[in-house]
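Good morning, colleagues. Please have the sequence and the coordinates open as I speak.

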Amino acid sequence: MDTTDRIELAKQLSKHFHKGQKYGEHDYYTYHILGVVKTLKSVAKEVTEDMIITALLHDVLEDTPCTYKTIENIFGTWIADCVQRLSKIGHYNMIYYMEEIGRYKTTQVVKYADSLFNHQECVKVGDMKRAEKYQRNLQQLYSKELFKC
């Protein structure tokens, strides 16, 4: 399967599983998921197919009935592992979670884009408490080797 087909398949899978979900008043897939992909493309020095696919799927394990096995069967173990690392399921330790994300360029860049998107949205609506949480994520994940600014 070529790059275009894999990315299109990830878009369709994400859209299917996020159907009916909202991000504030917006459609979750169209607004948040595609917003994170757009943010990733604007801030990362290098954007890979794996990063785009992981960004498209970054919330499916956490927020939908999609399973690790579904992602693994379609996209392989690496993508499934990246999506799982980004998912906060059940009880998790935030320090360990952020350290684990920072170990891999793909997850670090996707989480940075997700946090930046969420931070900007919090600022827009005046939710400064949540914005501070995302600001801490951004500071922890930032690396001049990975990002344009």
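Let me begin with a term: a residue counts as buried when its relative accessible area is under 20%, and as exposed when that area is over 50%. The model before you is predicted, and the values I quote are computed from it.

By that cut-off, glutamate 121 is buried, because its relative accessible area is 11%. Its partner in a salt bridge is lysine 124, and the closest N and O atoms of the two are 3.0 Å apart. Lysine 124, in contrast, counts as exposed, at 61% relative accessibility. Both residues belong to helix H8, residues 105-125, and because they are three residues apart there, about one helical turn separates them.

How many salt bridges does the structure hold? The count is eight. In general terms, side chains of opposite charge can pair when their charged atoms come close.

Let me turn to glutamate 100. This residue forms a salt bridge with arginine 85, with 3.3 Å between the closest N and O atoms. Arginine 85 lies in helix H6 and glutamate 100 in helix H7, residues 94-102, so the pair ties together parts that are 15 residues apart in sequence. Are these two partners buried or exposed? Arginine 85 and glutamate 100 are both buried; for glutamate 100, the relative accessibility is 15%.

Glutamate 100 also forms a salt bridge with arginine 103, where the closest N and O atoms are 3.2 Å apart. Arginine 103 counts as exposed because its relative accessibility is 52%.

A further group of charged residues deserves mention: Arg6, Glu49 and Asp50 are linked in a network of salt bridges.

Two packed helices are described by the angle between their axes and the distance between the axes. For helix H3, residues 49-57, and helix H6, residues 77-86, the axes come within 9 Å and cross at roughly 45 degrees. H3 is therefore oblique to H6. The crossing is right-handed.

Sorted by class, the contact comprises seven nonpolar residues, one polar residue and one charged residue.

That concludes my presentation; thank you for your attention.

Definitions and conventions. Residues are numbered from 1 along each chain as its sequence is written. This is a predicted model: local features need pLDDT of at least 70, side-chain atom pairs count only at pLDDT 80 or more; totals for chains, interfaces and linings use all residues. Side-chain values use heavy atoms; hydrogens and water are left out. Axes are lines fitted to C-alpha atoms, for helices over the stretch in contact, and angles run from 0 to 180 degrees between N-to-C directions. Helices (H or I, at least four residues) and strands (E, at least two) are DSSP runs, numbered from the N terminus. Angles under 35 degrees count as roughly parallel, over 145 as roughly antiparallel, 65 to 115 as roughly perpendicular and the rest as oblique. A crossing is left-handed if the near helix is turned anticlockwise from the far one by less than a right angle, and right-handed if clockwise. Ala, Val, Leu, Ile, Met, Phe, Trp, Tyr, Cys and Pro count as nonpolar, Asp, Glu, Lys and Arg as charged, and the others, Gly among them, as polar. A salt bridge is a side-chain nitrogen of Lys or Arg within 4 Å of a carboxyl oxygen of Asp or Glu. Buried means under 20% relative accessible area, exposed over 50%, partly exposed in between (1.4 Å probe, protein chains only).
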